Amino acid sequence: MSSEEGKLFVGGLNFNTDEQALEDHFSSFGPISEVVVVKDRETQRSRGFGFITFTNPEHASDAMRAMNGESLDGRQIRVDHAGKSARGSRGGAFGGRGRSYSRGGGDQGYGSGRYDSRPGGYGWVWAV
C-alpha cells in the first residue's frame with residue numbers, strides 16, 4: 001500500500017491557512033503523516049492549496065467525503081484524492097486547449113471556449 005492512497009488535495013484555502021491549522025481541522029478523521037501547504041517559491045506566500053496524507057487510506061476517504069465543500073478560515077474548500085483532477089483529464093497551462101475533431105463536419109478548429117466566472121472557477125474552459 002503506497003502513501004499516495006491516503007493523500008488528499010485540498011484547494012480553495014485561505015492564504016493565511018498554514019500547515020498547523022490544516023492539520024488541526026483534519027486530525028479528527030485519523031492519524032496524519034504529512035501536511036503541506038504549497039507556497040510560491042519567490043514570495044513564500046500560500047498558493048491556496050495543499051496536501052494531507054493520512055496513514056490509513058480509509059481515513060482519507062472519510063475526511064474527503066466530510067470536508068469537501070466545508071468552510072475553513074472563511075473559505076469553502078475543495079477536497080479530493082491527490083492525483084485526480086476535478087476537471088477530468090489534465091491539460092496544459094491553458095486548461096487542455098486542443099484540436100477538436102468531429103465526424104459531422106462543422107468547425108474543425110480549436111474547441112469552443114467559454115469563460116468560467118464562478119467563484120473558484122478556472123478562467124477559460126475549452127471544450128476539447
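**View 1. F9, F49 and F51 come together as one aromatic cluster.** This is a predicted model, in which local features need pLDDT of at least 70, side-chain atom pairs count only at pLDDT 80 or more, and totals for chains, interfaces and linings use all residues. Residues are numbered from 1 along each chain as its sequence is written, and side-chain values use heavy atoms, with hydrogens and water left out. Rings of Phe, Tyr and Trp (its six-membered ring) pair if their centres lie within 6.5 Å; planes under 30 degrees apart count as stacked, over 60 as edge-to-face and the rest as tilted. By this rule the count comes to three aromatic pairs. One of them joins F9 and F49, tilted, with 5.9 Å from centre to centre and 35° between the planes. This pair links distant parts of the chain, since F9 sits in strand β1 (residues 7-11) and F49 in strand β3 (residues 46-54), 40 residues apart. F9 also pairs with F51, this time edge-to-face, at 5.9 Å centre to centre and 65° between the planes. Here again distant parts of the chain are linked, with F9 in β1 and F51 in β3, 42 residues apart. Strands (E, at least two residues) and helices (H or I, at least four) are DSSP runs, numbered from the N terminus.

View 2. F9 is partly exposed, with a relative accessible area of 23%. F51 is partly exposed too, at 23%, and F49 counts as partly exposed at 21%. K7 lies over the face of F51, 5.1 Å from the ring centre. For a charge to sit over a ring, NZ of Lys or CZ of Arg must be within 6 Å of the ring centre and within 35 degrees of the ring normal. R45 meets this rule as well, lying over the face of F15 at 5.4 Å from the ring centre.

**View 3. Helix α2 (residues 57-67) has a buried side.** Its buried residues are P57, A60, S61, A63, M64 and M67. They lie on the same side of α2 because they cover an arc of only 165° around the axis, where the arc is that of the directions from the helix axis to the C-beta atoms. The face turned away from this buried side carries the exposed residues E58 and R65. The buried residues of α2 pack against β1, α1 (19-26), β3 and β6 (78-81); contact means heavy atoms within 4.5 Å.

**View 4. Here are the two ends of α2.** At the start of the helix, a side-chain oxygen of N56 reaches to within 2.8 Å of the backbone nitrogen of E58. Just after α2, G69 takes a positive phi of about 90°.

**View 5. S46 is a buried residue of strand β3.** Its relative accessibility is 10%. The side chain of S46 reaches the backbone nitrogen of G48 at 3.0 Å. Not counting residues up to four places away in sequence, S46 touches N14, F15, V37, V38 and K39.

**View 6. Stepping back, the protein chain has two helices and eight strands.** Along the sequence they follow the pattern β-α-β-β-α-β-β-β-β-β. Of the 128 residues, 30% count as buried.

Methods:
Buried means under 20% relative accessible area, exposed over 50%, partly exposed in between (1.4 Å probe, protein chains only). A polar contact is a pair of N or O atoms within 3.5 Å; within protein, one must be able to donate a hydrogen and the other to accept it, and residues adjacent in sequence count only if both atoms are side-chain atoms.
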